[in-house]
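Let's take a friendly walk through a protein model together. Have a look at the structure first, and then we can go through some of its details.

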Amino acid sequence: MIGSKILATGHYVPEDIVTNDDLAKVVDTSDEWIVAHTGIKSRRVSLRGENTSDLATKAAEIALERAGVAADELGFIIVTTFTPDGLAPSTAALVQRNLGAKNAWGFDLSTACAGFVFGLSTADKFIKSGAYQYGLVIAAEVNSKMMDFSDRTSTVFFGDGAGAAIIAPSEEGVIAAEEMHTVGDERVVHSGRIAPLEKLAANNYPKIDAFAQEGRAVYNEVTTKIPDHIVTFLAKEGLTVDDIDYFVLHQANLKMIEKVAETLGQPMTKFVTNVQEYGNASSAGIAMAFDQLNSQVDLTGKKVLLTGFGAGFTYGSLLLTI
Ligand SMILES: CC(C)(COP(=O)(O)OP(=O)(O)OC[C@H]1O[C@@H](n2cnc3c(N)ncnc32)[C@H](O)[C@@H]1OP(=O)(O)O)[C@@H](O)C(=O)NCCC(=O)NCCS
């Protein structure tokens, strides 16, 4: 056993579709502006009471069924999210209960939109330890509950969804290489800060501030750092971008993905995107995009690069040789 492989994937999105025109009814924006600046036409929004653990459970059930793995065969569950049901118990614990995965432990992993990449990397190490037969990684987000719907610079981006992968030991070691970074900086993107109490009072309860970002700073940071990171990482593996069959990037913004593709000199046909329909589903977007690729294309013999990036600034890539 030298590595781990992705046995199967799945994804789930809430039923309700919110178009740009729908958003324009609650915030000062327009379909024209959103499409021109982000490429996003609609997003799925959880409006029927489904929380992050519910989306995660449904994506996991699909992946488990496709893998032919029973919930009680799972050794561990890692949920990547920055929109957990609550701070405790972990969303992973709720998924474990929902699935009836009675032999699995679980925890949440928080690296914002880069979550799926860091979750897979973490799962890879547990699998390589030889102690586990099957692991489950789910990237799940209900971003809508973190939005300030009067802030048009953020609200127009985000959507809700979940993507899951079942991971297992493999001779070949599908996760061939990785590189991860964190550049600690809370100024550019932040969400979910819980302030300490200022005084004891009957109406005190945890107050979570809404998501906020400096859009231009995010754009500049991503479109300069990420192409450089990809080229440097691949060079370490003796590869260039031309060797990659598919790029699956964090689905932040179509325009940003197009800019990265242009900088890398790669055609958009090699980039998997769902941000147009799903919006920016944070860590779930890349997981859902990988599932869409995995479901539609025979990846045997292909090289796939997963690159996540998000608040932190945290970013990293996994090279999959499938
Ligand atoms: C947010 C982003 C689309 C803004 O594009 P931009 O070209 O930098 O636009 P600006 O912020 O300079 O705003 C341009 C104008 O559009 C307006 N505007 C901003 N958001 C708007 C919205 N949702 N609808 C309509 N107008 C909007 C601004 O007020 C500004 O108006 P003004 O020129 O009258 O002052 C762009 O910076 C971006 O894509 N950033 C990356 C953000 C991202 O992907 N975040 C995900 C984090 S994981």
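## A first residue and its partner

Arg152 is partly exposed, with a relative accessible area of 45% (buried means under 20% relative accessible area, exposed over 50%, and partly exposed in between, with a 1.4 Å probe and protein chains only). Asp28, at 59% relative accessibility, counts as exposed. Asp28 and Arg152 form a salt bridge, and their closest N and O atoms are 3.4 Å apart (a salt bridge is a side-chain nitrogen of Lys or Arg within 4 Å of a carboxyl oxygen of Asp or Glu).

Where do Asp28 and Arg152 lie? Asp28 is in the loop between helix 1 (20–24) and helix 2 (31–38), while Arg152 belongs to helix 6 (residues 152–155), so the pair ties together parts that are 124 residues apart in sequence. Helices (H or I, at least four residues) and strands (E, at least two) are DSSP runs, numbered from the N terminus.

## About the model

This is a predicted model, in which local features need pLDDT of at least 70 and side-chain atom pairs count only at pLDDT 80 or more, while totals for chains, interfaces and linings use all residues. Residues are numbered from 1 along each chain as its sequence is written, and side-chain values use heavy atoms, with hydrogens and water left out.

How many salt bridges does the structure hold? There are 14. One of them joins Lys102 to Asp72, with the closest N and O atoms 3.4 Å apart. Lys102 sits in the loop between helix 4 (91–99) and strand 5 (105–109), and Asp72 in the loop between helix 3 (52–67) and strand 4 (76–80), so this pair ties together parts that are 30 residues apart in sequence. Lys102 is exposed at 61%, whereas Asp72 is partly exposed at 34%.

Glu262 and Lys259 also meet in a salt bridge (3.8 Å, N to O). These two are three residues apart in helix 8 (residues 254–264), about one helical turn.

Four of them make an open sheet in the order 8-13-12-11, with mixed pairing (two strands pair if DSSP finds at least two bridges between them). Strand 8 (175–185) and strand 11 (246–249) stand at the edges with a single partner strand each, so one side of each has no neighbour in the sheet.

Strand 12 (residues 303–310) and strand 13 (residues 312–321) pair in the antiparallel sense over eight bridges. Thr307 has Ser317 in strand 13 as its bridge partner.
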